[in-house]
Amino acid sequence: MRPTAPRPGQRAGVMAVEGQKQRTISDSHNTQNLPGDVVRLEGAPPTGDLAVDEAYDGLGATYDLYWEAYDRNSIDDDGLPLDATVHFGQEYDNAFWNGERMVFGDGDEELFNRFTISLDVIGHELTHGVTEDEAQLIYLFQPGALNESISDVFGSLVKQRTLDQTAAQADWLIGAGLFTANVHGVALRSMKAPGTAYDDPVLGKDPQPAHMNDYVRTFADNGGVHINSGIPNHAFYLVATLIGGYAWEKAGRIWYETLRDSRLRPNTGFKRFAGITLATAQRLYGTTGLEQQAVRDGWSQVGIVVT
Amino acid sequence: MRIEFTTEGGIAHFPGLARPVVIESNALPEAEASDLGRLLEAARFFERPAVAEPPRRGAADYRQYTMTVQEGSRRHTVKVIEPVEDPTLQALLRFLQTKARELRRGSRES
C-alpha cells in the first residue's frame, strides 16, 4: 500500500485509505433481484464459484490499473467500494452498469458464456462508473459512442496490463471467450480491426466502422453507441501502436487525462474529444514529440483531423 | 394475437439479435398460447404506459425491449428498460425471449 498523503485533486476533508480495494460480490441466484446475497467480501478467499471469483479478481485488476498507473483511487477517486452482482437472471445474455454496480449474467450457453469470463468486460463496466464520475458523457450518439469507447479502451488496458502485453502483443479484442463454440466469431468487438469480430447467422455481422467515412447514422442502440465506438476505439489502437511499448503508460495516460479534462463536456463529440487528446499529449509529452504526432496520426487515420 | 418483440442495446449491438421477432399466438402449441395469454393478463399489458421509465443516471449497457401486441382491434406497445423489477413483466419477457431464441435458432440451422 502506498502512503496516504493527500494528492492533487483529492477531495478535501475525506480520509479514505488509498490504494485499498473494497470489493463486495453478491449473487442474485438467477433471479433479477439486486443486489442479491453477499458471497465474497474484500480479503475473503476464493469461493470456488467461477463467476464470483472472476468478478472479484476482475474488479481488483481494474482497481489496480487505475491506482497504480493513474493514481486514481477507485471509481470516484475517493475510494468508492466496488460492488458487483453475478448470476443475474436466467439465461441472461448481458452485463451492465446500473449507475451503482456491475451486473453480470451467466449467458444462455447457446450463444454466450458467463459474462465474467472476459477481464476486459469487467474493466469496461467499471469504467462506465469512472466516466460518469468525471465527464457524464450523454449516452446517445457521439458522446455515447465516446462513453462506450472509453470503457473499451480501459477494459482492454486492464487485460493488457494483467497479461503484461505491449501494444504490439495485445489482441485488442473486447469480450474474447464470451461466445460459445456455436458462434462464428472471436469477440464482441475488435479495436484493431473494427467490423471483423464476428459474422454469424444468428448474431449477424459486426457492424463497427473503423473510419468516419463509414459512420453509421441510426437511432438503434441509443444512436449507435456500440457501433460508432469502433472509430475512437481504432484511433486509440493506432495511437498506442504508433507510440509503442505498454499502451497503458502513455496512450492510456493521454486518454485518462482527457477524461479528466474540464473541456470534456457531456455533449462532446469525436472531433472535440480528439482535440483534447492532442492538447493533453502536448501538455504531458511536449509539443514536438512522438506522442503528439502519434495522436495526430491516429485520429487522422480514422478520418478526424486535429490541429 | 400477434406480438412483435424487439431487443436493443446491451454490451454490444448485434444486428441479428436487434431484428424484431414476430410471434403469432395461433402458430403456438395450445398450451403455450394460453400461457402467453395468462402472462399478458398478469402483466396488465394493455393498461401499462407505453413509455418506459428512463434509465438510472449514468447507467450503461442496459437492454431495452419493445413489445407490441395486436389482439383483434386492440393494439398496444410497451417499452421497458432493464433491470426490470416487476415479476409479471419479467415472466412475460422470459417467455418472449425463449420464443425469440427458438425462432433465431432456425437461422443457424437453415
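Two residues are taken to be in contact if their C-beta atoms, placed from the backbone, lie within 7 Å. The model is predicted; local features need pLDDT of at least 70, side-chain atom pairs count only at pLDDT 80 or more, and totals for chains, interfaces and linings use all residues. Residues are numbered from 1 along each chain as its sequence is written, and chains are lettered from A and ligands numbered from 1 in the order in which they are written.

Phe104(A) touches Ala51(A), Ala55(A), Ala84(A), Val86(A), Phe88(A), Ala95(A), Phe115(A) and Thr116(A), residues up to four places away in sequence not being counted. The largest nonpolar core has 94 residues. Such a core is a set of buried Ala, Val, Leu, Ile, Met, Phe, Trp, Tyr and Cys residues joined through C-beta atoms within 7 Å. Buried means 20 or more other C-beta atoms within 10 Å of the residue's own, exposed 12 or fewer, and partly exposed in between, with C-beta atoms placed from the backbone. Ala55(A), Phe104(A), Phe236(A) and Val239(A) have the most contacts inside the largest core. Helix 1 (residues 50–70) of chain A gives the most to this core, nine residues. Helices (H or I, at least four residues) and strands (E, at least two) are DSSP runs, numbered from the N terminus.

Val186(A) sits in the loop between strand 6 (173–174) and strand 7 (189–190) of chain A. Val186(A) counts as partly exposed because it has 17 C-beta neighbours inside 10 Å. Its contacts, not counting residues up to four places away in sequence, are Leu173(A), Ala176(A), Ala197(A) and Tyr198(A). From Val186(A) to Leu140(A) the C-alpha distance is 27 Å, across 46 residues in sequence.

Between the chains, 30 residues of chain A contact 27 residues of chain B.
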